[in-house]
Structure formats: C-alpha cells, structure tokens
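This briefing is meant to be read with the sequence and the coordinates open side by side. Its points are grouped by topic, so that each can be checked against the model in turn.

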Amino acid sequence: MAGASVKVAVRVRPFNSREIGKESKCIIQMSGNTTTILNPKQPKENKSFNFDFSYWSHTTPEDINYASQMQVYKDIGEEMLLHAFEGYNVCIFAYGQTGAGKSYTMMGRQEKDQQGIIPLLCEDLFTKINDSNNDNSMSYSVEVSYMEIYCERVRDLLNPKNKGNLRVREHPLMGPYVEDLSKLAVTSYNDIQDLMDSGNKARTVAATNMNETSSRSHAVFNIIFTQKKHDMETENTSEKVLTKGVGGGDGVFEGANINKSLTTLGKVISALAELNKKKKKVESFIPYRDSVLTWLLRENLGGNSRTAMVAALSPADINYDETLSTLRYADRAKQIRCNAVINEDPNNRLVRELKEEVARLKDLLYAQGLGDIIESECHRGKHNSHSQKMHIYRLTQETEKIIAELNETWEEKLRRTEAIRMEREALLAEMGVAMREDGGTVGVFSPKKTPHLVNLNEDPLMSECLLYYIKDGITKVGRENAKTRQDIVLSGHFIKDEHCTFSSTTGPQGEGCVILEPCEGAETYVNGKRVTSPIVLRSGNRIIMGKSHVFRFNDPEQARLERERTPCAETPVEPVDWAFAQRELLEKQGIDMKQEMEQRLQELEDQYRKEREEASNLLEQQRLVRENFIQTSPLINSPVPWTKRETELALWAFRKWRFYQFTSLRDLLWGNAIFLKEANAISVELKKKVT
C-alpha cells in the first residue's frame, strides 16, 4: 500500500438560483472519467482532464448519468472505510470555490437519500463494528473531534469550555496537533450524529454572533478508531489505531486569512506534485506551516495516509476561471503520492517513547540546576530570562499531558464525554435553544403543538439548525447581560439588551395567538417591514432581529387549521429561506440593489474624475511655480565666476569630447565601408548593378 497516489474525484452540481437568473450556460462535459471544460469566450479552446472519478450531478436523478450521494460514497467512502479497518490513516477532503457543493458532498442534508460522505461513512463504521461483535478476541473504540478553522484561528465545536482560540503545536513524536482539542468517546452512530448536529449548532451561533451569514471557514471532523485484538494463548493484546480525518473547507474569499488557507493549500498541492515529478528525490520546501489548515493536514498530504480529494465544480460560464483553477489543482493532486503504513501497536510504543522523552528532559533540567521547577511552578517567574530552559519545561508539560490522555481508560473517556454533553446542553438551554423531551439538544425536530422560531442562514448546513420555543405567556428576547433574565439570548450587532417580547395566548376554541412587540429603538422586521408596535404573527412569517438574526415563525396548530380551511392551497414555488427573507427585506424597504450599485458606481466615477482634475491642476501649478523660479532666480541668470583651474578643466573636457566625437564618426564610417565592400563583391558575383 506504500506509495499510493491521492485518489481524486470531481463533481459538478446543478445551476443555483443566481446562475439561472443570469441565464448561464453549462461549460462542463463528462464522458467516463474524463472531464472537459469549454471556454465561453473561445469555444475551440477546450481543456480535458482525466480523474479517478467524474460525477455528473448537474441534472435530476431521473437522468441515467446522474451521480447520487450514495454512488459517491460507494466509490470513495467504502474504499476508505476498508482501509480504515486495515489500520491505515484515512483522509477525505473537499476543495472548490464558494457554493460549488463541498458541504453537500461531505455532509449532505437530512432528507432521505441526501446524506453526504461523512454520515454514511460513520453509519457503515458502526454497522461493521456490530457485525464483528461475535468475535470475542476483537474490541473496538471510537472517538471523535470536531473543529473549525476561521481566519487562521482554531475553535473546538464540541466543548463549550473551549471558548477561546486553541493553539496548534508540533510535538517531536506526535507531529502537529491542536492543544486541548476535546476527543469525545462514542458508542453508536446516533452519538456521532448528535455530536455533528451539536457542532453545527455551535458554528451557527458563533457565525451569527460575529455578524456572518455563511460558514466561511474550514471544518475538520476527526474520527479516532481503535481496534484491539486479544490473543488468548499468549495473553497479548495487539492494537491498531487510525485517525480518520474528513472535512470540507469553504473557498470564500473573506479577508486575507481565509484566502491564505486556500492559497497555501494550492501551493502545497503544486509543490508536492512537482516533487513527485522529479526522478531524483531532492530536498524541496513544502509550505505546510504557512497556514493552520495545511499544517494540520501535513500527514494527509503526501505523508502517512490514504487520501481522497473531491473537487466540487460550478457548471456556469460566469465561473469559468474559478472552475478551471479547481480542475488544474485537482489534476496536480493526482501526482501526489502518500506513503501509508499500517498503524499497529502505536500506543504502547508511543507511551514508552514519550516517557523516555520526559525522563530525558527532566534530567536536562536537573543538570542545569532547575530541578525545583518540576516540583513547583512558583519558581517559573524567577527564570524568565532562561528562555531555552523554560522551553524544555513547557515541552515536558506537553508530553506529560499527552501521556495522561493516552493512558486514560475507555470508561473515563465515556464519563468525560457525558460531562461535556451536559455542559453543552446547559449552555444551549441558557440561550433558549429548544430541547427534546429526552434532554437531547441535537437534530432538527418540529414540535407538534408549541409555536417556535427556527433560524435561517445563507448556508443550508447551518439553516434550520436552531429552534427556540415560544412558551405560554411572555417570552423575552435580548442579551445575556440584560437587567432581567431573557428567555431567548441573542448577541451581535444591533441587538438591544431587551430587544422584543412574544406574547402567546390561547383562544376559547383552542386556537393560539402570538403577538410580537418590539422594544423601543430595537430593529425588528416582519416580512420585510420594520415594526414599532405590537403585531400578530402568522405561521410562516419571516422575522429579522438586528442585522444578522433571521428566523421563520412556525405555529403547528395554526398551520393545521389553515390546511383544513384551504386543502387545495398551492405550495409556494420559491422556498422560504434566508435568501427569500433578505430579498423581501430589500424590496419592502424600497432598496433597489441594481439602482444602488449604479448610483454607487457613478459616485466613484465622479470622485475619480474630481481627484484627477485636482491632481492635474496641482501639477500645473507646481510647473508654473518652477518655471517662474527659474526665470526670476538670480543664481541662474547671473554669470558664474570660474577660477583659472576650473576654466582649464572645462577646456580640456571640451577638447576630449570633440576628439571623441570625430573618432567615433571615423570608426563608424570605416565599419560601414567594410560592409559596403562585401556588398559590392556579392553584387559582382550575382551580376547585379549597385547604385
């Protein structure tokens, strides 16, 4: 298995609403595993690429060539899962521009047959584990971690205690790792599904609070899968551990840092491809450490891993340059070779090596007279000047922390996972996020009777992820630091300490009524119109609080009565999602985006023209001032008195210049005379007359 190339697949999605509105044309063609891109400006200049898999998902499932989610998983996911059980490290990552379909391919949706590679792989993982339970000599354990990389900062999505940015370190034995990243033990696919949903909720809350509207970040989901085989005769236990990394990064160019991760990933792919092209393996610099993403993926890109890359493509001609760039990077990624090895018995060996490293570092500290630092941290401030010695001490602490994690029993890991789950649920409950009756907080579920708010987001993966109950009576919405306790806690720009209230009452016939009343000065919009007085809500209303919190109001009882009254009501053609709410807001507020852009462009042109005229006038004034200075300056018009020595030097220089001028002319004439003589000789031979 050593020296295997990275498996590369490309997948093209259908047109989105923006591309349909611009009447875009499809520029991608697929035949077998060959993908061809058509140049919309020069139709004859087509470029073709060959990959391991080319998935045509541009049409509907009725098309015989349509590649479904299950087909993508069977080709890529099943093979990677097989390698996982063999003991290899496995990595699957998605690459492509914004909105190309990376999240859909990796995570998918919750509808039937819409699940992505990650959920299907996790489900199959536990299916295989359960099928192997009959073998008493084999035991399995699974741990997961979920992190987000945004603007070169790493955040733990599963542990609410890790609110800050986590540090990425590199250990001599472990390699790059994220310090204090929580690894939670799971025992079933449902546990993984709950943790995925919890992580997505954490991303949604953080993104909304930072006034973001989509997951403009890189998400990495890690699975640590351990197999233990107990030999009954020798009483020895052999162990296989693999790290299975699956993730998808969004290629949105939001600021320099996100662009930095994607640019660095492209540089690493190109550098590794060039390295494998060379016959003689020479030392070549690979810029892994230029970004957090590539640093953490170092082993997966050209290292000890079985790696698969899914390149997501846009079919529209307006995205030709981005799509061509993605295809070129995917073509280079085929040339990367990974030296994967089976990870057998690493735990005992690693613990032994780490303990030896700790002993060596401690001996080094004692030899330098700093042994008291090990017993007490109070001496730390006394040796700030000894940076090298303190570095040794910190390295010792890091190694001991890793040893403690490796020696942690499975029961201890389960107890720690349960404690973190309780903390996560308590935090969401404080924010007013709805809870299931069994205490779970994950998974989108629709209450059958209670009115509620569901969040809307530009990213489908983060939309309808948070659900807030509107209880009977008064439900308050505001900030955490408000004077009175708020039932639904929001944060971010333009959210007041006490923003608004929902009043829920029940009529004599059992019909419910929910009234929204905004507080003074609070920006609250219902169906695109700003409200300043109480308003009765209808099921399906769009509510925007502040600038970034977008919700849809649902009242199950009200919706049921509406269906009974008008059973033949047509289903709206356009889905009521985040884009619908934003477009509605702009229309109702009288904002014409096209007119706004044209007006802004005209203002910029006028400003440029004005600045150019001012610069020209200033330059002309400076020229006139300089000319006037030259004409009126007494230094320039008055004769310069020369000494006798200066006069002699000037005459000598003039004579030299005149002699050189005639000499140069003479040399030029002699040179041309030679050419003229040759030309005459040639003309005589050719019997041509030269005038």
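Predicted model: local features only at pLDDT ≥ 70, side-chain atom pairs only at ≥ 80, totals over all residues.

A disulfide is taken here as a pair of cysteine sulfur atoms within 2.5 Å, and a search of the whole structure on that basis finds zero disulfides. The protein has 17 helices and 27 strands, and 44% of its 691 residues are buried.

**Overall features**

- Among the contacts in the protein with a separation of 6 or more, 65% are accounted for by residues 24 or more positions apart.
- The protein exposes about 39,600 Å², of which carbon and sulfur atoms supply 52%.

**Cysteines**

- For Cys338, the closest cysteine sulfur is that of Cys91, and because the two sulfurs are 8.7 Å apart, they are too far from each other for a bond.
- Cys519 is likewise in no disulfide, the nearest cysteine sulfur, that of Cys500, being 6.6 Å away.
- Cys338 is buried, with a relative accessible area of 2%, whereas Cys519 counts as partly exposed at 25% relative accessibility.

**Nonpolar cores**

- The largest nonpolar core has 46 residues, and those with the most contacts inside it are Val10, Ile28, Ile37, Val154, Val178, Leu301 and Met309.
- The elements that give two or more residues to this core include strands S2 (7-12), S3 (28-31) and S8 (138-150), together with helices H6 (255-277) and H7 (292-296), and S7, S15 and H8 are also among them.
- Another core, of 43 residues, lies apart from the largest one and has Ile92, Val142, Tyr189 and Ile192 among its members.
- Met309, leaving out residues up to four places away in sequence, touches Val6, Lys7, Val8, Ala9, Phe93, Tyr95, Ala330 and Ala333.

- Thr307 is found in strand S15, which covers residues 306-313, and Thr307 counts as buried because its relative accessibility is 4%.
- The side chains of Thr307 and Ser305 are joined by a polar contact of 3.2 Å.
- Thr323 has its place in helix H8, which covers residues 320-333, and at 1% relative accessibility Thr323 counts as buried.
- Setting aside its neighbours within four places in sequence, Thr323 is in contact with Ile28, Ile37, Gln97, Leu313 and Ser314; Ile28 and Ile37 are also listed among the residues with the most contacts inside the largest nonpolar core.

**Annotated binding site**

- An unreviewed UniProt entry places the feature "binding site" at Gly96, Gln97, Thr98, Gly99, Ala100, Gly101, Lys102 and Ser103, and one of these residues, Gln97, is in contact with Thr323.
- Gly96 lies in strand S7 (residues 90-96), where at 9% relative accessibility Gly96 counts as buried.
- Gly99 lies in the loop between S7 and helix H3 (102-106), and at 44% relative accessibility Gly99 counts as partly exposed.

**Helix H5**

- Tyr189 has its place in helix H5 (residues 189-209), and at 13% relative accessibility Tyr189 counts as buried.
- Although Tyr189 and Cys122 are 67 residues apart in sequence, their C-alpha atoms are 6.3 Å apart in space.
- Not counting residues up to four places away in sequence, Tyr189 touches Gln115, Pro119, Cys122, Glu123 and Phe126.

**Strand S21**

- Ser504 lies in strand S21 (residues 498-506) and is buried, with a relative accessible area of 9%.
- Ser504 and Pro451 are separated by 53 residues in sequence, and the distance between them, C-alpha to C-alpha, is 8.4 Å.
- Leaving aside its neighbours within four places in sequence, Ser504 is in contact with Pro451, Ile470, Lys471, Asp472, Gly473, Cys513 and Val514.

Key: Residues numbered from 1 in each chain as written. Heavy atoms only, no water. Helix = DSSP H or I, 4+ residues; strand = E, 2+ residues; numbered from the N terminus. Buried < 20%, exposed > 50% of the residue type's maximum accessible area, 1.4 Å probe, protein only. Contact = heavy atoms within 4.5 Å. UniProt positions renumbered as here; feature names shortened; annotations may be inferred. Areas by Shrake-Rupley, 256 points an atom, 1.4 Å probe, with all protein chains shown as cover. Polar contact = N/O pair within 3.5 Å; in protein donor to acceptor, adjacent residues only side chain to side chain. Core = buried A, V, L, I, M, F, W, Y, C linked by side-chain atoms within 4.5 Å.
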